[in-house]
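Me: I am new to reading protein models. Can we go through this one together, step by step?

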Amino acid sequence: MRYLFDEFELDCSKQELLRDNNLVAIEPQVFSLIVHLLENRDRIVSKEELVEVIWDGRFVSDSAVSSRIKSARKALGDNGREQKFIKTTHGRGVRFIAPDVASLNNRFVQEQEDHASSGQSDNVSQSIGFCKSADGTKIAFATAGKGPSLLMSPCCFSHLEQDWQSPCWGHLYDELLQHHQLVRYDTRGNGLSDWNTTDYSFERQLEDLEAVVDSLGVDRFPLVGFAQGCTVSAAYAAKHPDRVTKLLLLAGYTRGWRVAEDANYKQVFEAFVTLVRAGWGRHSLPFRQMFTSLFMPTAPSANQSWFNELQRIASTPENRALLFEAFGDVDVCKYLPDVKVPTLVIHSRGDMCVPVDSGRELAAGIDNARFFVLDTSNHMIPHSDPAWKKCAASINAFLAE
């Protein structure tokens with residue numbers, strides 16, 4: 001079990017406490033005390049209970065217990081006066097009071113008060129393999145489930161192992177797994193794919209998808225794209241009309257931020273690329289939270305915490321900046337007239353990462369494409385969003401046709 005709160009990460013299996021990704025020196029008993037308070041944060045924990053749990057019921061003085069509580073506060077940057085994390089209720093005990101604690105488990109991450117979706121993918125395992133793109137770059141891919149293959153082209157944030165455990169993706173995977181074997185892959189410079197590359201051009205991105213398909217030996221399949229993955233998916237469908245049976249495009253666009261018509265949009269992303277290159281993985285949580293707030297503004301804190309963590313581990317700051325720059329130059333308008341397969345484009349009306357007009361332009365460029373707008377501001381739609389049910393229903397109906 002792992003817990004995320006404020007700028008801290010506590011990993012029970014590794015017996016580690018990290019603050020802004022830096023290891024905090026902490027004694028074993030103090031670590032156990034913090035874990036017990038976290039796991040029982042819905043109530044006040046008495047000193048007698050702490051003695052029973054931490055010291056196995058052996059006799060210890062009140063001063064020893066107080067000393068461990070003081071050390072726990074010190075490790076968290078807390079103190080007895082402010083009590084930001086550990087609150088003392090005189091005569092009763094102590095309680096962990098930090099808001100927005102995310103509990104990270106094997107598959108889905110949900111706070112205790114959140115509604116958890118229990119889908120079939122909870123019990124589905126994935127198998128990870130590797131192939132080489134045309135330029136020799138190693139690309140990691142994962143397969144899961146049974147049935148005819150369905151391929152998914154990812155956005156610029158991906159990590160096959162972390163995404164499979166994520167509350168951000170689990171409910172979407174459930175829908176895609178209902179009647180298909182789901183195939184996903186990490187873009188170059190991301191996740192389990194090769195990080196030692198400098199060419200992130202759109203042509204290379206397209207070759208990566210082609211390599212995955214050829215490695216699997218799949219003849220015909222539905223293709224799903226999310227965000228940046230929509231551009232790659234649309235171009236692939238245009239170039240390989242004999243391979244793609246359906247095209248599902250979620251939160252996509254036709255032209256990247258550098259070639260888009262919106263000058264303000266261009267300025268925002270130019271500044272963002274500069275910030276990313278300055279040290280994405282080394283900055284404190286608020287830096288990554290800035291992008292998370294654009295990506296999923298109304299998502300539960302557990303989802304946001306997971307996405308914050310994904311940003312940190314999925315790639316290096318330089319790779320991330322190169323990816324953003326490469327996607328900024330993309331323009332797939334020339335490919336769209338050659339897409340002849342049934343296509344569904346789904347977009348959020350209030351999307352702050354990719355404006356809804358971008359999704360509309362994408363749908364308008366493909367003959368007979370259907371365009372479905374969701375009443376939400378989330379770019380990545382959480383299970384708790386009322387718009388998700390409509391999104392899932394649309395996906396299921398489209399794939400079942």
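This is a predicted model: local features need pLDDT of at least 70, side-chain atom pairs count only at pLDDT 80 or more; totals for chains, interfaces and linings use all residues.

Me: Is Phe-324 buried or exposed?

Reply: Look at its relative accessibility, which is 2%. Buried means under 20%. Phe-324 therefore counts as buried.

Me: How far apart in space are Phe-324 and Phe-272, C-alpha to C-alpha?

Reply: In sequence, Phe-324 and Phe-272 are 52 residues apart. In space, C-alpha to C-alpha, the distance is 9.0 Å.

Me: Which residues touch the most other members of the largest nonpolar core?

Reply: That core has 91 residues. A second, separate core has 31 residues, including Trp-55. In the largest core, the residues asked for are Met-152, Leu-176, Phe-226 and Phe-307.

Me: What does Leu-176 contact, leaving aside its neighbours within four places in sequence?

Reply: Contact means heavy atoms within 4.5 Å. With those neighbours set aside, the partners of Leu-176 are Leu-150, Met-152, Leu-182, Val-224, Ile-395 and Leu-399.

Me: What span does helix α13 reach from its first C-alpha to its last?

Reply: Helix α13 runs over residues 387–400, so count 14 residues. At 1.5 Å a residue, 20 Å is expected. The model comes close to that, at 20 Å.

Me: How wide an arc do the buried residues of α13 cover around the axis?

Reply: Among the buried residues are Trp-388, Cys-391, Ile-395, Phe-398 and Leu-399. They lie on the same side of α13, because their arc around the axis is only 160 degrees.

Me: Which exposed residues does the face of α13 turned away from its buried side carry?

Reply: The buried residues pack against other elements, including β10 (149–153) and α5 (170–177). The face turned away carries exposed residues: Lys-389, Lys-390 and Ala-400.

Me: Which charged end sits over the ring of Phe-398?

Reply: Phe-398 is one of the buried residues of α13. The charged end over its ring lies 5.6 Å from the centre. That end belongs to Lys-246.

Me: How many residues apart in sequence are the parts that Phe-8 and Phe-85 tie together?

Reply: Phe-8 and Phe-85 form an edge-to-face pair, 5.6 Å centre to centre with 90 degrees between the planes. Phe-8 lies in strand β2, and Phe-85 in the loop between α3 and β5. So the pair ties together parts that are apart in sequence by 77 residues.

Conventions
Residues are numbered from 1 along each chain as its sequence is written. Side-chain values use heavy atoms; hydrogens and water are left out. A nonpolar core is a set of buried Ala, Val, Leu, Ile, Met, Phe, Trp, Tyr and Cys residues joined through side-chain atoms within 4.5 Å. Buried means under 20% relative accessible area, exposed over 50%, partly exposed in between (1.4 Å probe, protein chains only). Helices (H or I, at least four residues) and strands (E, at least two) are DSSP runs, numbered from the N terminus. The expected span of a helix is 1.5 Å times one less than its number of residues. The arc is that of the directions from the helix axis to the C-beta atoms. Rings of Phe, Tyr and Trp (its six-membered ring) pair if their centres lie within 6.5 Å; planes under 30 degrees apart count as stacked, over 60 as edge-to-face and the rest as tilted. A charge sits over a ring if NZ of Lys or CZ of Arg is within 6 Å of the ring centre and within 35 degrees of the ring normal.
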